[in-house]
Amino acid sequence: MTIEIERRFLLKNDGWRQTASAPQRLQQGYLSVEKERTIRVRIIDDKAWLTLKGYISDVSRSEFEYEIPAAHARTMMDTMCPFKMEKNRYRVDFGGFVFEIDEYFGDNAPLMVAEIELPAEDTEFPRPDWLGEEITADGKFTNAYLSKHPYSTW
C-alpha cells in the first residue's frame, strides 16, 4: 500500500505544451465509484493495472495497485465496468517536480487537468504560469466522478 498525495488544477493556457512529453493514451474503467473507495482498471498500451483507492482526505488517498494481464483488464472493462473514460496524459517537468496533464476525450472533452503528486500534504511546489484554479477539494473533478458524470453533462 502507498499513500497518494495529489493536488489538481485547471489550466489557464497551453504554455505547458512547450515542454510536455509525448502523450500516453489511458483507458480507465470503474468497478466502484464512491467517495470512500474506488476500484479502477487502467490500460496503457499493452499493460494494465487494477487499483483500489481509499479516501483519507481531499489531498490523500490510500492506494493499492496491481499489474494484471491486459486481456483480463479488457474483459473487465467490457463486462464489469459501467463507467469508462479515455484521456491522453502528458508529463511536464517544472522546478524539480512533475506535473501530469490529462486531456480528456469523449463526453469529458474539452476538459484538461494538471495533477502533481507530492511527498507530503504541506509540500511547497512551484506554480507555473499555466496553472489555474485549484480543484483538489472539488470531487466533481476526480476521474471516478467524471467517468460517471461526464463534464459535458454539467
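Here are legends for several close-up views of this predicted model. Residues are numbered from 1 along each chain as its sequence is written, and side-chain values use heavy atoms, with hydrogens and water left out. Local features need pLDDT of at least 70 and side-chain atom pairs count only at pLDDT 80 or more, while totals for chains, interfaces and linings use all residues.

View 1. An unreviewed UniProt entry gives residues 2-154 as "domain: CYTH". UniProt positions follow the numbering used here, feature names are shortened, and annotations may be inferred rather than shown by experiment. In the model this span is 11% helix and 50% strand, and its end C-alpha atoms lie 33 Å apart. Helices (H or I, at least four residues) and strands (E, at least two) are DSSP runs, numbered from the N terminus.

View 2. Look for Gln28 in strand S2, residues 24-33. With a relative accessible area of 1%, Gln28 is buried (buried means under 20%, exposed over 50%, partly exposed in between, using a 1.4 Å probe and protein chains only). Its side chain makes a polar contact with the side chain of Tyr30, at 2.8 Å. A polar contact is a pair of N or O atoms within 3.5 Å; within protein, one must be able to donate a hydrogen and the other to accept it, and residues adjacent in sequence count only if both atoms are side-chain atoms. Not counting residues up to four places away in sequence, Gln28 touches several others, including Arg40, Met77, Phe83 and Asn143 (contact means heavy atoms within 4.5 Å).

**View 3. The Glu4 and Arg61 salt bridge.** The side chains of Glu4 and Arg61 meet here at 3.0 Å, N to O. The pair links distant parts of the chain, with Glu4 in strand S1 (residues 2-11) and Arg61 in strand S5, 57 residues apart. Both Glu4 and Arg61 are buried. A salt bridge is a side-chain nitrogen of Lys or Arg within 4 Å of a carboxyl oxygen of Asp or Glu, and by this rule the count comes to 17.

**View 4. Glu103 reaching Arg17.** This salt bridge spans 3.7 Å, N to O. Glu103 sits in strand S7 (residues 97-104) and Arg17 in the loop between S1 and S2, 86 residues apart. Glu103 counts as buried because its relative accessibility is 18%, whereas Arg17, at 34%, is partly exposed.

**View 5. Arg37 with Glu34.** In this salt bridge the closest N and O atoms are 2.6 Å apart. Arg37 is partly exposed at 42% relative accessibility, and so is Glu34 at 39%.

**View 6. Tyr151 and Ala109.** Tyr151 is in the segment after helix H2 (143-148). The C-alpha atoms of Tyr151 and Ala109 are 7.2 Å apart, although 42 residues separate them along the chain. Leaving aside neighbours within four places in sequence, Tyr151 is in contact with residues including Asp107, Pro110, Phe141 and Leu146. At 31% relative accessibility, Tyr151 counts as partly exposed.

**View 7. A nonpolar patch on the surface.** Met1, Ile3, Leu52, Ile56, Phe64 and Tyr66 form this patch, with about 570 Å² of accessible area together. Patches are made of residues with over 30% relative accessible area and no salt bridge: like charges are joined within 9 Å, nonpolar side chains (Val, Leu, Ile, Met, Phe, Trp, Tyr) within 5 Å. Accessible areas come from the Shrake-Rupley method with a 1.4 Å probe; for residues, only the protein chains shown count as cover. Ile56 lies in the loop between strands S4 (47-55) and S5 (60-68), and is partly exposed at 46%.
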